[in-house]
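I want sheets first, then helices, then single residues.

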Amino acid sequence: MMIQVQDLQKVFQIHQARSGLSGAFRDLFNRNYKTVKAVDGLTFSVEEGEMFALIGENGAGKSTTIKMLTGILNPTAGEIRINGLVPYKEREKYVNSIGVVFGQRSQLWWDLSPMESFRLLRRVYQVDETEGVKWLDRLIEELDMQSFLNQPVRKLSLGQRMRCEIAASLIHKPKLLFLDEPTVGLDVLVKQKIREFLRNLNETEHTTVLLTTHDVSDIEALCKRVIVMDKGQLIFDGLLAELKERWGSDTEVTFHLKKRTTTDDVRQVLGDLPCEITQDNEITVKLKFKHEMLPYVLSTIMSAFEVSDVKVQETSTEEIVRNIYSTPSEVVSHA
Amino acid sequence: MLKLYAELIRIRFLTMLAYRVNYYSGIIIYAINIGAYYFLWGSIYADNTTLAGMTLTQMTSYVAIAWMSRAFYFNNIDNEIGMEVREGKVAVEMLRPYNYLSVKAAQALGEGIFRFAFFAIPGLILIRLFIDFPFPSTFSAWGLYLISLLCGFVINTQINLLTGVLTFFFMRNEGLIFAKRMIVDLLAGVIVPISFFPGWAQSVLGYLPFQAINYYPSMIFAGVIQADKALQVILIQLVWIVVLFLPITWLWRKARHNLVVQGG
């Protein structure tokens with residue numbers, strides 16, 4: 001087991017400023033604090049070599065969770081064990097085995113070139129010189145960074161910088177990689193390049209990857225498993241496919257037929273299959289049904305009618321996430 | 001690990017070079033300060049041969065060397081720590097397998113070496129062209145001065161670390177940092193030698209670490225503190241270095257526990 005998290009909890013005391021001048025004056029002597037549970041009883045575990053996503057709205061507690069998992073913050077209660085170490089207790093030893101990318105925060109040195117930063121990071125992590133250079137060469141090639149390696153970081157574009165950030169987080173070949181919103185603000189091409197790289201890394205080096213993101217296409221491209229957080233609590237833990245099934249809307253298929261057809265005709269052919277049939281016009285019929293029935297519906301309709309065109313519309317994960325948020329938070333966790 | 005610190009010192013050296021304008025303007029500011037104090041003390045002494053046990057010659061060399069020592073030991077790591085805490089950059093530092101404060105100290109040393117080589121030494125030679133003051137006559141006096149100066153650097157860095165770490169608790173402490181800078185300049189004897197302070201203030205200052213930063217090394221340079229007294233003074237500095245480790249370690253442990261990362 002790579003990551004084991006048990007009843008993790010983080011409570012913050014947030015200073016509440018009183019309003020007005022007299023309030024400010026009172027604040028000088030006596031401050032009001034509000035207790036906020038940012039993470040509340042989180043339990044999950046992750047196997048080695050897994051790629052999984054942690055999703056949730058802003059303020060759901062994702063970032064706090066990541067900061068506790070990476071040893072930056074001390075948990076208020078609960079246990080974390082990663083790679084057999086307790087992050088906040090054995091921080092210096094622990095961080096040698098992980099890589100972290102914060103999308104909003106740079107770990108490169110603003111005034112130095114990426115190459116200088118990598119050099120310094122190799123020293124920081126005490127990486128063996130020849131092996132480190134070989135590994136870095138591979139990172140440079142796979143992330144396509146040759147052209148801007150010697151410019152100061154402050155002159156790089158966001159896409160270039162993000163590729164450097166990822167390379168920097170991997171300089172010591174960590175077994176576990178945390179990515180906190182790595183693709184925020186990047187264009188499609190760079191996103192694709194980064195995803196491809198991560199998939200390849202996971203396949204060849206068995207790096208475990210934990211991703212938080214708002215971009216659903218990231219999850220679809222990379223992760224099988226998804227953990228959903230809301231208000232500091234875990235509301236779903238399972239496969240992406242399961243998540244889709246649970247919260248996904250039905251699959252919608254539009255058939256353009258060659259002859260006039262009514263909904264009754266279609267209903268007759270399909271029998272008592274649970275599905276919603278609507279008619280757009282005389283020759284267009286829309287069917288909504290559970291995704292797993294797709295092959296059956298297609299073959300039945302195709303053999304019964306003369307079809308000129310078919311459009312299949314699957315629910316996106318975006319919609320699923322929206323669905324989860326709109327339902328009141330009930331705990332439906334299951335591993 | 002040593003390689004890492006060597007690398008950090010080298011990098012800081014390079015970044016200092018990248019900000020050359022800062023460096024040139026610094027030289028001008030120091031030159032103005034030294035010049036102003038030179039003429040000020042000249043008129044204060046007027047017809048007196050000695051004041052508070054110092055001759056005018058000793059005083060001028062004290063002023064010149066006190067500012068040049070400051071050019072070496074002064075650094076901004078308290079501000080840097082403050083900024084990194086306020087902007088949440090300290091999160092990234094916590095992800096690295098090193099002790100944050102040791103790294104800050106190494107960076108301070110990198111800056112110190114730069115300032116010593118490109119600031120203090122050329123500055124000293126330059127001032128010597130305009131103001132006539134005697135250099136220490138023996139090698140041992142030079143050696144004692146340099147050892148004492150290095151100790152002063154360490155103590156100043158420790159005080160900076162302390163003020164910097166306080167940001168972890170107050171979040172905003174630019175005011176405190178600014179006040180600290182003034183207090184250190186005054187109580188370390190950069191502005192007025194400690195022997196000019198009233199008697200009660202001198203005895204209070206005897207229990208504080210500030211005069212170990214600048215007053216001691218500069219007095220050794222000016223020849224007011226002689227050889228065996230100098231060894232005694234260096235011993236006091238070493239004691240302060242050891243003593244100051246305690247609050248730093250304690251505060252740092254508390255800070256790590258209370259850490260709140262700003263933003264995101």
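I began at one residue pair: A:Thr254 stands opposite A:Lys311 in E13(A). Helices (H or I, at least four residues) and strands (E, at least two) are DSSP runs, numbered from the N terminus.

Before going on, I noted the ground rules. This is a predicted model, in which local features need pLDDT of at least 70, side-chain atom pairs count only at pLDDT 80 or more, and totals for chains, interfaces and linings use all residues. Residues are numbered from 1 along each chain as its sequence is written, while chains are lettered from A and ligands numbered from 1 in the order in which they are written.

**Sheet with E13, chain A**

Strand E10 (residues 251-257) of chain A is joined to E13(A) by 6 bridges, and the two run antiparallel. I looked up the whole sheet: it is open, has 4 strands in the order E11-E12-E10-E13 (chain A), and its pairing is antiparallel. Two strands pair if DSSP finds at least two bridges between them.

Which strands stand at the edges? They are E11 (276-281) and E13 (307-313) of chain A; each has a single partner strand, so one side of each is left without a neighbour in the sheet. Neighbouring strands are turned by 20° against each other on average, direction ignored.

Next I checked the helices on this sheet. Helix H10 (residues 263-270) of chain A packs on the sheet and touches E11 and strand E12 (284-289) of chain A. The direction of H10 makes about 145° with that of E11(A). Helix H11 (residues 294-304) of chain A lies across E10, E12 and E13 of chain A, at about 10° to E10(A). For these angles, axes are lines fitted to C-alpha atoms, for helices over the stretch in contact, and values run from 0 to 180 degrees between N-to-C directions. Two residues are in contact if their C-beta atoms, placed from the backbone, lie within 7 Å.

**Sheet with E1, chain A**

I turned to another open sheet, with 3 strands in the order E2-E1-E4 (chain A) and antiparallel pairing. Strands E2 (32-46) and E4 (77-82) of chain A are at the edges with a single partner strand each, so one side of each has no neighbour in the sheet. The twist averages 30° from one strand to the next.

I counted 5 bridges between strand E1 (residues 3-16) of chain A and E4(A), which run antiparallel. A:Gln9 has A:Ala77 as its bridge partner in E4(A). Helix H2 (residues 62-69) of chain A lies across E1, E2 and E4 of chain A, running at about 65° to E2(A).

**Helix H1, chain B**

I moved to chain B. Helix H1 (residues 2-18) has 17 residues and reaches 24 Å from its first C-alpha to its last. That is close to the 24 Å expected at 1.5 Å a residue, the expected span being 1.5 Å times one less than the number of residues.

Which residues of H1(B) are buried? I found B:Leu4, B:Leu8, B:Ile11 and B:Arg12. They cover an arc of only 100° around the axis, which puts them on the same side of H1(B). The arc is that of the directions from the helix axis to the C-beta atoms. A residue is buried if 20 or more other C-beta atoms lie within 10 Å of its own, exposed if 12 or fewer, and partly exposed in between, with C-beta atoms placed from the backbone.

The face turned away from the buried side carries exposed B:Leu2, B:Lys3 and B:Leu17. The cover over the buried residues includes helix H4 (114-124) of chain A together with helix H6 (100-130) of chain B.

I also checked B:Met16 in H1 of chain B. B:Met16 is partly exposed, because 18 other C-beta atoms lie within 10 Å. Beyond four places in sequence, B:Met16 is in contact with B:Glu111 and B:Phe114.

**Where the chains meet**

I logged 20 residues from chain B and 21 residues from chain A in the contact. H1(B) gives the largest share of the chain B side, 6 residues.

**Residue B:Val63**

Last, I looked up B:Val63 in helix H3 (residues 56-73) of chain B. Is B:Val63 buried or exposed? B:Val63 is buried, because 27 other C-beta atoms lie within 10 Å. Not counting residues up to four places away in sequence, B:Val63 touches B:Ile34, B:Tyr37, B:Tyr38 and B:Trp41.
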